[in-house]
Amino acid sequence: MSEISGAIGIIGGTGLTTLAGLEITGTRTVETPWGAPSSELTEGRLDGQPVVFLSRHGNPHRIPPHEVNYRANLKALYDAGVRTVVGVNAVGGIHPDMGPACVVIPEQIIDYTWGRPSTFFEGSLEGNLDKVTHIDFTWPYDQAARDILAQAATAHNVSFAGFGVYGATQGPRLETAAEIRRMERDGCDLVGMTGMPEAALAAELGMRYVCLGLVVNWAAGKSDHIITMEEIEAAIEQGMSGVRHILEASMADLGALTALPQPS
Ligand code: HPA
C-alpha cells in the first residue's frame, strides 16, 4: 500500500462528497482492523500539496452520522501517512453570528453523542494501540491549523466566524428547540452530528485535527420557521465554494505545519 508521507487528510461531509480542484492521482479501497472506512481514499494534489480525501458519509452519500465508522476513517487516513486532518462538517447555527452559509472554525466541542464506538483503546483487536492512555483533550482542535484556515478565509473574503463551541449531537434527527436552548446555556455556538468521536480519535492517533464547519441552517428554534432540506441545500450551494477556497488556500501552510513535530 502506498503512503503519501505528510499528506493532508480531508474528510468531506454533507455537500462535499468529492473535492473539485483535487488533481487525482489514484483511488484506493482499504480495510483497517476496525473495518472499512466510509469511502475509498482519493489521493491527489490540491494546490500542489499531497492530499488524501475521504467522504465521511460514503460516495454516494448514504451513511448516517451515527453509523459512520469513525475509527476506520481515521485509521485509514493514518495508515495512508496523514498526520493533519481537516474535517469539513455541515452544522446548524446557534450563535447570532452563525447564519446559513457562514463558515465556522470552532475552538471547542461538547459531546452529546452516545453509543458510538469512540476510542481505539478497547478490546484486543489487531491494530489496537499498545496501552491505554487517557489522552489530553483540553484543546480538541489544533490552534496552528485553525489560524491557517482563518488566514485563508480572510485572504479570500469568505465570511467566517473564527470561534465557537461545537455541540455534537447523536442525530439523525435534528434537535428540538428546547434541546438547542439547553445547548446554548451549555455554551454551544453551533450544532452538528459528526464532530465526535472524529476529533477524539484523531487525538488518540496523535494527529493534528481541525474542523471547518459550514452553517447550513439556523438551529431549531433559532428562526421563525422549521428546518427544511431546501434551506439546507441552498446554504450548501451558497457556502461550499467558500469552504473550497479556504481548503485550497491553506494547503501549503498546512503542509509546512505537518512537517513540524506535533506540540505536546
Ligand atoms: N443540527 C444538527 N446537525 C446539523 C444541523 C443541525 O441543525 N444542521 C446540519 N447538521
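Residues are numbered from 1 along each chain as its sequence is written, and side-chain values use heavy atoms, with hydrogens and water left out. Because the model is predicted, local features need pLDDT of at least 70 and side-chain atom pairs count only at pLDDT 80 or more, whereas totals for chains, interfaces and linings use all residues.

Helices (H or I, at least four residues) and strands (E, at least two) are DSSP runs numbered from the N terminus.

A polar side-chain atom of Asn 217 is 2.6 Å from a ligand nitrogen atom, and one of Glu 175 is 2.7 Å from a ligand nitrogen atom. At Ala 90, a polar backbone atom lies 3.4 Å from a nitrogen atom of the ligand. The ligand on its own has 260 Å² of accessible area, of which the protein covers 93%; such areas come from the Shrake-Rupley method with a 1.4 Å probe, and for residues only the protein chains shown count as cover.

In soluble globular proteins, nonpolar side chains tend to be buried together. A nonpolar core is defined as a set of buried Ala, Val, Leu, Ile, Met, Phe, Trp, Tyr and Cys residues joined through side-chain atoms within 4.5 Å; buried means under 20% relative accessible area, exposed over 50%, and partly exposed in between (1.4 Å probe, protein chains only). The largest core has 37 residues, of which Leu 41, Leu 74, Leu 77, Val 85, Tyr 166 and Met 207 touch the most other members. Strand E4 (49-55), helix H1 (70-79), E5, strand E9 (165-168), helix H4 (198-204) and E11 each contribute at least two residues to this core. A second, separate core contains 33 residues, including Ile 105, Ile 236, Met 251 and Leu 257.

Eight salt bridges are present, each being a side-chain nitrogen of Lys or Arg within 4 Å of a carboxyl oxygen of Asp or Glu. One of them joins Arg 28 and Glu 43, with the closest N and O atoms 2.7 Å apart. Arg 28 lies in strand E2 (residues 23-28) and Glu 43 in strand E3 (residues 41-46), so this pair ties together parts 15 residues apart in sequence. Arg 28 is buried at 15% relative accessible area, and Glu 43 is buried at 6%.

Arg 71 and Glu 122 form another salt bridge, with 2.9 Å between the closest N and O atoms. This pair links distant parts of the chain, 51 residues apart: Arg 71 is in helix H1, and Glu 122 is in the loop between strand E7 (108-111) and helix H2 (143-155). Arg 71 is buried, with 11% relative accessibility, whereas Glu 122 is partly exposed at 37%.

Key: A polar contact is a pair of N or O atoms within 3.5 Å; within protein, one must be able to donate a hydrogen and the other to accept it, and residues adjacent in sequence count only if both atoms are side-chain atoms.
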